Amino acid sequence: MNRAFNRKKDKSWMHTPEALAKHYIPYNAKFLGNTEVDQPKGTEIVKDAVRQLKFQRHIKKSEGQKTPKVELQISIYGVKILDPKTKDVQYNCQLHRISFCADDKTDKRIFTFICKDSESNKHLCYVFDSEKCAEEVTLTIGQAFDLAYKKFLESGGKDVETRKQIGTLQKRIQELETENSGLKKQLWNLEEQLMIAPAPPAGSISLKPPMSTDVFDMVPFSAVTPLVPIPASNGTPPPPPTTSPPDTSKDLFGAEPFDPFTCGQADFPPDIQSKLDEMQRQRWRGSKWD
C-alpha cells in the first residue's frame with residue numbers, strides 16, 4: 001500500500017473505524033478499465049498502466065463510447081466495484097489481495113490500485129477518474145488497510161482464515177448475482193416477444209373470415225345454400241337428391257300468395273271497392289276470351 005498508507009500514518013483518519021468495519025464508504029467515479037501488470041507494486045508500473053488505459057479510452061471516446069460510471073464501496077474487507085443504477089457487482093477486490101494504491105500527482109483526477117486476481121493469479125491495475133475525490137479514495141483504502149491490520153494483530157492471525165471464508169462467500173454471491181441478472185434479461189426478452197404480435201408474411205393466404213350471425217347469434221337462412229349429403233352408416237353412397245319443380249302456388253315460406261280478388265269479403269271504402277269490382281270484371285272478360 002506504501003503511498004496511501006504512509007501518507008496518513010502519523011495523522012488522524014477521515015472516517016470512523018465503525019464506518020469501515022461494520023459498513024462501507026461509497027464513492028462515485030468513472031472507470032477507465034483494468035489491465036495486467038508485471039509487478040504487484042511500483043509507481044512506474046502504475047504510470048504505464050494509466051497511459052495505456054487512457055489511450056484506449058480516447059479511442060473509444062472518438063468512436064462515440066462514453067466512459068462508464070461506477071460506484072466504489074470501500075470497507076476493511078475490500079473494494080467492490082458496482083453498477084451505480086442496478087447495484088450489480090462488477091468486481092470484488094478483496095483487501096488482502098490489493099498490493100498497491102495511489103493517486104496520480106500529475107493528474108489529480110486519476111487514482112489506481114493493483115489487485116491480484118483470485119482466478120488467474122495475475123496482477124491487475126484498476127484505473128479510475130474522479131474530479132473531486134481521487135485523493136480521498138486512496139486515503140480511505142489506506143485507512144481500511146490500517147484497521148484490517150490492527151484487527152489482525154488483535155485476533156492473533158485467526159481473522160485471516162475468517163476473511164478468506166468471507167471472500168469465498170462474497171465471490172459466490174457475485175456469481176449468483178451475475179447469473180440472476182442474466183436470467184432477468186432472458187425473462188424481459190421473452191416478455192417483449194410475447195407482447196409483440198408477429199405480422200403475417202407477404203404473400204400468405206388469409207384465412208376465411210368467420211360466418212356472420214344475426215342478433216340471435218344464429219346463421220342467417222339462405223335459400224341457395226346447397227345441401228351436403230351425409231354418408232350412410234353402411235358405407236354405401238347416398239342416393240342423389242330428388243329435385244321437384246317449384247310449387248308456384250306457394251311463396252318462399254309455404255304460404256299461398258295473397259290475391260285481393262279471391263280473398264274473403266272485406267269492408268273497403270266505396271271508391272276502392274268500385275275499382276276492385278271493375279278490375280275483377282275485366283279479368284273475367286279476359287279469361288272468357290282466352
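Which residues does Gln94 touch, not counting residues up to four places away in sequence? I worked from a predicted model, and in it I found that Gln94 touches Tyr77, Gly78, Cys115, Gly167 and Thr168. Gln94 lies in strand β4, residues 89–94, and I noted it as buried because its relative accessibility is 12%, where the cut-off is under 20%.

Next I checked helix α3, residues 43–62, whose 20 residues should span 28 Å at 1.5 Å a residue, and I found its end C-alpha atoms 29 Å apart, which agrees. I then listed the buried residues of α3, which are Val46, Ala49, Val50, Leu53 and Arg57. They cover an arc of only 100° around the axis, so they sit on the same side of α3. On the other side I found Glu44, Arg51, Phe55, His58 and Ser62 exposed. Among what covers the buried residues of α3 I noted β1, β5, β6 and β7. Just after α3, I recorded a positive phi of about 95° for Gly64.

I turned last to the pockets. The largest pocket has a volume of about 380 Å³, and of its 15 lining residues Lys30, Arg57, Lys61, Thr67 and Asp129 lie nearest its centre. α3 gives the most to this lining, with four residues, and by class I noted three nonpolar, three polar and nine charged residues. For the second largest pocket I recorded about 320 Å³ of space and a lining of 17 residues, with Tyr91, Asn92, Asp117, Ser118 and Gln174 nearest the centre. That lining takes two or more residues from each of β4, β6, β7 and α5.

Conventions:
Residues numbered from 1 in each chain as written. Predicted model: local features only at pLDDT ≥ 70, side-chain atom pairs only at ≥ 80, totals over all residues. Heavy atoms only, no water. Expected span 1.5 Å × (residues − 1). Buried < 20%, exposed > 50% of the residue type's maximum accessible area, 1.4 Å probe, protein only. Arc of directions from axis to C-beta. Contact = heavy atoms within 4.5 Å. 1 Å grid on protein atoms, 1.4 Å probe; cavity = no way out; pocket = protein on both sides within 12 Å on 5 of 7 lines; lining within 4 Å. Points joined across faces, edges and corners; volume = space filled by probe spheres on them. Nonpolar A, V, L, I, M, F, W, Y, C, P; charged D, E, K, R; others polar.
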